[in-house]
Amino acid sequence: MQLTAKTARAASFTALTTLVKKPQRRQLLTTSVSSGAFPIKPESQSIRKLIFRVMKLTAIVLLTFTLHLSAAGLGQGITLSVRNTPLEKVFKEIKKQSGYQFLYNNQMLDKASKVTISISGAALEDALEMVLRNQPYDYIVVNKTIILKQKESAQLTKIPLPPIVVKGRVTDEKGEPLVGVSIKVKGTNNGVSTGVNGQYELTLIEEKATLIFSYVGFTQQEIIMNNQTTLNIKLLEEDK
């Protein structure tokens with residue numbers, strides 16, 4: 001019997017696929033199809049399109065899952081219960097629970113206050129906010145690293161101290177009250193005079209102001225205040 005060319009090719013392919021293992025058989029089949037030994041049927045084209053769609057969908061699912069893991073990092077539950085604990089030790093505990101690394105200069109922590117806090121299941125971002133609330137630090141997150149930085153010093157408004165009211169009595173050496181003694185704050189026009197019984201009351205702006213006591217026929221005295229609110233003075237008569 002005389003074999004046609006198509007029959008011969010089919011017979012040789014059957015013989016070869018019988019001798020080789022399954023993986024090699026798949027390779028042979030692929031080679032034969034790509035070289036034109038066997039025509040590609042419409043069903044094969046449909047299968048290829050289906051496989052491509054499945055691969056594309058798998059890639060999208062994997063990408064979504066990866067992004068979800070990255071976004072969920074800051075939402076990991078952090079549980080802390082510490083009292084008067086060094087900040088560095090708190091960072092180590094957060095690293096242990098979250099897997100996030102901390103990056104900072106060791107000298108920065110010299111100004112750190114000890115931490116007293118109790119939280120349970122808090123998101124990483126919330127935990128960091130609470131831990132650093134009373135600290136001179138801020139932070140940024142890059143990938144899986146928490147970078148500590150110095151807080152930008154806010155411009156503080158200087159709150160004026162409340163005025164100090166000084167009261168007292170001025171007398172002579174014998175304890176007799178002196179009326180009309182001049183009492184002034186040195187370097188200012190702020191001053192009063194003693195009234196009945198030698199008593200006076202003076203409002204000061206500075207805590208350590210110098211008061212000048214002067215009276216005709218008596219030696220002038222200068223007294224430096226030191227957060228005092230009561231000051232009784234005895235003036236000495238001038239030498240005649």
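**Entry 1**

I began with Leu80, which, leaving aside its neighbours within four places in sequence, is in contact with Val90, Glu93, Ile94, Gln97, Ile117, Ser118, Ile119 and Val131. I took contact to mean heavy atoms within 4.5 Å. The model is a predicted one, so I kept to its limits: local features need pLDDT of at least 70, side-chain atom pairs count only at pLDDT 80 or more, and totals for chains, interfaces and linings use all residues. Residues are numbered from 1 along each chain as its sequence is written, and side-chain values use heavy atoms, with hydrogens and water left out.

I then looked up the largest nonpolar core, which has 23 residues; Leu80, Leu87, Ile94, Val131 and Leu132 touch the most other members. Strand 1 (78–85), helix 4 (87–98), strand 3 (115–122), helix 5 (124–131), strand 4 (137–142) and strand 5 (145–150) each supply at least two residues of this core. I noted a second, separate core of 18 residues, which includes Val166, Leu204, Leu211 and Met225. A nonpolar core here is a set of buried Ala, Val, Leu, Ile, Met, Phe, Trp, Tyr and Cys residues joined through side-chain atoms within 4.5 Å. Buried means under 20% relative accessible area, exposed over 50%, and partly exposed in between (1.4 Å probe, protein chains only). Helices (H or I, at least four residues) and strands (E, at least two) are DSSP runs, numbered from the N terminus.

**Entry 1: Thr85**

I located Thr85 in strand 1. Thr85 counts as buried, at 10% relative accessibility. Apart from neighbours within four places in sequence, Thr85 is in contact with Val90, Lys114 and Val115.

**Entry 2: the chain as a whole**

I recorded five helices and 12 strands in the protein chain. Of its 240 residues, 23% are buried. Among contacts with a separation of 6 or more, 51% come from residues 24 or more positions apart.

I traced an open sheet of three strands in the order 9-6-12, with mixed pairing. Strand 9 (199–204) and strand 12 (233–234) stand at the edges, each with a single partner strand, so one side of each is left without a neighbour in the sheet. Two strands pair if DSSP finds at least two bridges between them. Strand 6 (residues 164–171) and strand 12 run parallel and are joined by two bridges. Within strand 12, Ile233 stands opposite Val170.

**Entry 3: Gly191**

I found Gly191 in strand 8 (residues 191–193). Gly191 is partly exposed, at 35% relative accessibility. Not counting residues up to four places away in sequence, Gly191 touches Ile183, Lys184 and Leu202. The C-alpha atoms of Gly191 and Thr203 are separated by 8.7 Å, and the two residues are 12 apart along the chain.

**Entry 4: two asparagines in loops**

I checked Asn143 in the loop between strand 4 and strand 5. Asn143 has a phi near 55°, a positive value in a residue other than glycine. Asn143 is exposed, with a relative accessible area of 70%.

I next turned to Asn197, in the loop between strand 8 and strand 9. Asn197 also is not a glycine, yet has a positive phi of about 70°. Asn197 is partly exposed, at a relative accessible area of 42%.

**Entry 5: Met55**

Met55 is exposed, with a relative accessible area of 56%.
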